[in-house]
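Visitor: Could you walk me through this one, stop by stop? I would like to see how each answer is reached.

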Amino acid sequence: MADIKNIIFDLGGVLFNIHFNETFERLSSIMGEDLTSGNWSPEFYDMYVLYETGKIDSNQFIQFLQKKSHLKNPRSDEFITAWNSMLKGWFHDTFSVLESIHSKYELYLLSNINDMHFNYLKNSLLHHGGIDYFNSYFKETYYSHLCGYRKPDPMAWLQILEENGLEPAHTLFIDDTAEHVEAANSCGIWAYQYNREDDLHHFLLKIIS
């Protein structure tokens, strides 16, 4: 591997623990429709992408879900609780790993995220020093609902490379999703899939040592 100078981290599944299916199991019970992974209608998927790229806001997304529900008058707070149920908290080694490497490499964050989850993230960081403290580990952070691109769109990585003058051959990307790893590789970036059962510190050492 070429000399690595930059590391781009995914958030959910690498630094923050998520149980993706839990949200869609709960939404299915609220809406009376199977929304578990692999069973989304094209309309739902399109709205989901619009939400995660900041094209629509939380109210518009919730109103869409309410309109499409087969059950009677589901409340907004029910959708918010269901939507956030996938978020399980920070992995125990997240902050120690970032602390140990942020002075040695230029770190970047690339996350598929939306406004409701971003607000939850900010609240969860209050006892860790807040969102600004977390972001300070990274030279730049790229949250999909703010930057307008989400993985696996190649523009999600090309935006980072171009805006920061990064050489793909000197850049490492860590994500827990194979499709995202393949897309990053197609941009010339060294990309590796992370298994959340691994120790992140040891995982990185095997790659960059």
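Visitor: Gladly looking at it now; where is the place of Asn 59?

Guide: This is a predicted model, in which local features need pLDDT of at least 70, side-chain atom pairs count only at pLDDT 80 or more, and totals for chains, interfaces and linings use all residues. Residues are numbered from 1 along each chain as its sequence is written, and side-chain values use heavy atoms, with hydrogens and water left out. Helices (H or I, at least four residues) and strands (E, at least two) are DSSP runs, numbered from the N terminus. On that numbering, the place of Asn 59 is in helix 3, residues 58-68.

Visitor: Is Asn 59 buried or exposed?

Guide: Buried means under 20% relative accessible area, exposed over 50%, and partly exposed in between, with a 1.4 Å probe and protein chains only. Asn 59 has a relative accessibility of 54%, so Asn 59 counts as exposed.

Visitor: What distance separates the C-alpha atoms of Asn 59 and Gly 165?

Guide: Along the chain, Asn 59 and Gly 165 are 106 residues apart.

Visitor: How are helix 2 and helix 3 oriented to each other?

Guide: Axes are lines fitted to C-alpha atoms, for helices over the stretch in contact, and angles run from 0 to 180 degrees between N-to-C directions. Helix 2 (residues 42-52) packs with helix 3 at an angle of about 165°, their axes 10 Å apart. Angles under 35 degrees count as roughly parallel, over 145 as roughly antiparallel, 65 to 115 as roughly perpendicular and the rest as oblique. Helix 2 is therefore, relative to helix 3, roughly antiparallel.

Visitor: Which residues of helix 3 meet helix 2?

Guide: Contact here means heavy atoms within 4.5 Å. The helix 2 side is made by Glu 43, Phe 44, Met 47, Tyr 48 and Tyr 51. On the helix 3 side they meet Ser 58, Phe 61, Phe 64, Leu 65 and Lys 68.

Visitor: How many nonpolar residues are in that contact of helix 2 with helix 3?

Guide: Ala, Val, Leu, Ile, Met, Phe, Trp, Tyr, Cys and Pro count as nonpolar, Asp, Glu, Lys and Arg as charged, and the others, Gly among them, as polar. The contact of helix 2 with helix 3 has 1 polar and 2 charged residues, and its nonpolar residues number 7.

Visitor: How is helix 3 oriented to helix 4?

Guide: Helix 3 and helix 4 pack with their axes 10 Å apart, at an angle of about 105°. That makes the orientation of helix 3 to helix 4 roughly perpendicular.

Visitor: Which residues of helix 4 make the contact with helix 3?

Guide: Helix 3 brings Phe 61, Ile 62, Leu 65 and Gln 66. By class, the contact of helix 3 with helix 4 has 6 nonpolar, 2 polar and no charged residues.

Visitor: Is Tyr 142 buried or exposed?

Guide: Tyr 142 lies in strand 5, residues 140-143. Leaving aside neighbours within four places in sequence, Tyr 142 contacts residues including Tyr 108, Leu 110, Cys 147 and Ile 160. With 5% relative accessibility, Tyr 142 counts as buried.

Visitor: Where does Pro 152 lie?

Guide: Most peptide bonds are trans. The bond from Lys 151 to Pro 152 is cis, with omega near 10°. Pro 152 lies in the loop between helix 8 (144-147) and helix 9 (155-164).

Visitor: What separates the C-alpha atoms of Gly 13 and Lys 151?

Guide: Gly 13 is found in the loop between strand 1 (6-9) and strand 2 (16-18). Gly 13 is buried, with a relative accessible area of 0%. Gly 13 and Lys 151 are 138 residues apart along the chain, and their C-alpha atoms are separated by 14 Å.
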